[in-house]
Amino acid sequence: MATCDVCGNNYANSFTVTQGAATRTFDSFECAIHAMAPRCAHCQCAVIGHGVEAGGAVYCCEHCARHKEG
């Protein structure tokens, strides 16, 4: 069993995610998303899909990208 880096739950089915040189342990995708997903530069929601990159920033959708840029 391993302990989730976000919520502290000690869980038999925990998993690790490696991004670059950092490896983190999670008990759910929810905790992994909370800790690792980029945030929309306009509305701050977690970008868990492809998102939109514009002007060096990541957005959750075209609407937010246009709103922030315009």
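Modeller: A residue is called buried under 20% relative accessible area, exposed over 50%, and partly exposed in between, with a 1.4 Å probe and protein chains only. The structure is a predicted model, in which local features need pLDDT of at least 70, side-chain atom pairs count only at pLDDT 80 or more, and totals for chains, interfaces and linings use all residues. Residues are numbered from 1 along each chain as its sequence is written, and side-chain values use heavy atoms, with hydrogens and water left out.

Biologist: Why is Cys 40 called buried?

Modeller: The relative accessible area of Cys 40 is 0%, and buried means under 20%; Cys 40 therefore counts as buried. This cysteine is placed in the loop between α1 and β5.

Biologist: Which residues does Cys 40 touch, apart from those up to four places away in sequence?

Modeller: Contact means heavy atoms within 4.5 Å. By that criterion Cys 40 touches Cys 45, Val 47, Val 58, Tyr 59, Cys 60 and Cys 64.

Biologist: What makes Gln 44 partly exposed?

Modeller: Gln 44 has a relative accessibility of 46%. Partly exposed lies between the limits for buried and exposed, so Gln 44 receives that label. Gln 44 is found in the loop between α1 and β5 (52-54).

Biologist: Why do Thr 25 and Ala 32 count as buried?

Modeller: Thr 25 has a relative accessible area of 16% and Ala 32 a relative accessibility of 10%. Buried means under 20%, so both residues count as buried. Thr 25 lies in strand β4, whereas Ala 32 lies in helix α1 (residues 29-36).

Biologist: What surrounds these two residues, neighbours within four places in sequence left aside?

Modeller: Thr 25 is in contact with Ala 2, Thr 3, Cys 4, Asp 5, Ser 14, Phe 15 and Thr 16. Ala 32 touches Phe 15, Phe 26 and Ala 37. Asp 5 and Ala 32 are 27 residues apart in sequence, and their C-alpha atoms are 8.8 Å apart in space.

Biologist: How many helices and strands does the chain have, and what defines them?

Modeller: Helices (H or I, at least four residues) and strands (E, at least two) are DSSP runs, numbered from the N terminus. The chain has two helices and six strands, in the order β-β-β-β-α-β-β-α.

Biologist: How does the radius of gyration of the chain stand against the globule rule?

Modeller: The radius is taken over C-alpha atoms, and the rule is 2.2 Å times the number of residues to the power 0.38. A compact globule of 70 residues would have a value near 11 Å, but the chain has 15 Å. The C-alpha trace spans about 50 × 20 × 15 Å along its principal axes. Buried residues make up 20% of the 70 residues.

Biologist: Where is the confidence of the prediction highest and where lowest?

Modeller: The predictor's confidence in each residue is its pLDDT, from 0 to 100. The chain averages 94, and 96% of the residues score at least 70. Confidence is highest in strand β4 (residues 22-26), at a mean of 97, and lowest in helix α2 (residues 62-69), at 85. Where pLDDT is low, the predicted coordinates should not be read in detail.
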